[in-house]
Amino acid sequence: MFFSVFLKTKLGPLLLFGSSIRCLSSYLNTAKFDLTDLTCPHTWYSNARRKKRNVFLHVGPTNSGKTYTALKQLEASSSGVYCGPLRLLAWEVAQRLNKANVPCNLITGQERDEIDGAKHTSLTVEIADVTSEYQCAVIDEIQMVGCKSRGFAFTRALLGIASDELHVCGDPAAVPLIQRILEVTGDVVKVQYYHRLSPLIPLNHPLGSSSNIKTGDCIVTFSRREIFKLKKKIEKEGKHLCSVVYGSLPPETRTKQATMFNDESSEFDVLVASDAIGMGLNLNISRIIFSTLKKFDGVSTRELTIPEIKQIAGRAGRYGSKFPVGEVTCLDAEDLPLLHSSLESSSPDLKRAGLFPTFDLLSLYSRLQSTNNFHPILEQFLEKAKLSPDYFIADCKHILKVAAVVDELPLGLQEKYIFCISPVDMDDDISAQGLIQFAENYAKKGIVRLKEIFTPGTLETLKTQVALKELESVHKVLDLYVWLSFRMEESFPDRELASSQKEICSLLIEEFLERLGWRMR
């Protein structure tokens, strides 16, 4: 394996190559050098530091035109990159640029659509290339630097993208933190504030009965079970059919459900959704109705935060849609005070940005520890990690769960690392079992054929919600195979087969959701 890493030492910058790492241990043991010192993450990105970037912060509420303005700059640039939090957003931007005759590649964890001669790329933020140079770059939803699990990817893009212009879009709550982080980079930072383009009116009365639902409404709840319960209840009234959007639906299905809801000729004129609607989908919503202002976050049930309430409520009354004025209310009167106070409040300023050590640092550290087991390496590194007050270490529970599995297998450190950062849902039994089988087969044979764990042609029309949930999990396993195939191409050769089976899964899920509505009618 050949890689380079830029390290800051008392002897000045040190550029290390894979070939020289073998003789590094003695230097690290004698010099006053600490691999776990993460206090200066801006020094990890030498390409960006060689530039004096002009950074433009476009901040404001949902539906204020901030991202539109940034994308106009990207469109006009000679070369550029868009970094978004979701595949749906990356698709949307690639589509928009290509439609404007600006050839644009699409790169996400699970797809590569490269256009001949393209000098622009739209991608998910984890894929951001910090070795290339651009004239213009856009990072969307920058407030996600504060996300416990994914914040580090936004920090990496913010510090590492080497572009003459960097346009950063998001919530004003991120401004003071970003200004502090970029103080040491030498970048020139300008802030532009935006106001909402269409009115958003918080109503003083709750929805009350489901019989008060009307065309264009979106009811928001926070569990898959509640989504289908509400869908059934509304459709039982006989006036409306409901599209649904929630996190575990395949992205293609979410897009299809949103399209049905937006289509004026469709009978699916009401949306029941989770907070997955907060970003990534263009929706013609007249009124947001919160069924509850509490959600289970994986640890405990808690009240929604001010930013969460504002992000979801702001989806009503999209500028330029058939509902130019948005409304927001709750199912129950007892939730109205929290809704109103949240919408009237500013989001609290972000205090810290996420950080995670690079593979190069972890590889060097493993050599010092003389072990190839990823779980203890990561655990020890994180225990000893030193941070500045502006950063926190990303939540690694997911990675450590996978590490405990792959450490049992005869794999190299880089191979273990790839499995650990893969998009597997370890809380989903079928998805977790898929990863285990992929890793075991790879360790035994060096090649993983899809047919060894999945038989094409066995996917059937869905009849129950239990079968729906299982098929969503099967889709995750196929998605994981595609993701791995882009990182270990020769070892996961059945990408096309996995992609075609994913499409069948999406079609079967879409057909079931549509049939569910008509059956109730």
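Is Cys-242 buried or exposed? Cys-242 is buried, with a relative accessible area of 0%. The legends below start with the whole predicted model and then move to single residues.

**Figure 1. Overview of the predicted protein chain.**
The chain holds 18 helices and 20 strands. Its radius of gyration is 24 Å, close to the 24 Å that the globule rule gives for 521 residues, so the chain is as compact as a globular protein of that length. Along the principal axes, the C-alpha atoms fill a box of roughly 75 × 55 × 45 Å. Take contacts between residues at least 6 apart in sequence: 75% of them join residues at least 24 apart.

The accessible surface comes to about 23300 Å². Carbon and sulfur atoms account for 51% of that area. Of the 521 residues, 53% are buried. How many positive and negative side chains are there? The chain has 62 positive and 63 negative ones. The centres of the two sets lie 2 Å apart.

**Figure 2. Close-up of Cys-104.**
The disulfide count for this model is 0. Cys-104 is accordingly in no disulfide. Its nearest cysteine sulfur belongs to Cys-83 and is 11 Å away.

Which cysteine sulfur is closest to that of Cys-242? The closest one is in Cys-218. The two sulfurs are 10 Å apart, which is too far for a bond. Cys-242 has a relative accessible area of 0%, so this residue is buried.

Where does Pro-389 sit? Pro-389 lies in the loop between α13 (374-384) and β20 (391-393). At 72% relative accessibility, Pro-389 counts as exposed, because the threshold for that class is over 50%.

**Figure 3. Close-up of the contacts of Pro-389.**
Neighbours within four places in sequence are left aside here. Beyond them, Pro-389 is in contact with Lys-351 and Arg-352. Pro-389 and Lys-351 are 38 residues apart in sequence. In space, the two are 8.5 Å apart, C-alpha to C-alpha. The contact itself is judged on heavy atoms within 4.5 Å, whereas the 8.5 Å runs from C-alpha to C-alpha.

Notes
Residues are numbered from 1 along each chain as its sequence is written. This is a predicted model: local features need pLDDT of at least 70, side-chain atom pairs count only at pLDDT 80 or more; totals for chains, interfaces and linings use all residues. Side-chain values use heavy atoms; hydrogens and water are left out. Helices (H or I, at least four residues) and strands (E, at least two) are DSSP runs, numbered from the N terminus. The radius of gyration is taken over C-alpha atoms; the globule rule is 2.2 Å times the number of residues to the power 0.38. Buried means under 20% relative accessible area, exposed over 50%, partly exposed in between (1.4 Å probe, protein chains only). Accessible areas come from the Shrake-Rupley method with a 1.4 Å probe; for residues, only the protein chains shown count as cover. Lys and Arg count as positive and Asp and Glu as negative; His and the chain ends are not counted. The place of a charge is taken as NZ of Lys, CZ of Arg, CG of Asp or CD of Glu. A disulfide is a pair of cysteine sulfur atoms within 2.5 Å.
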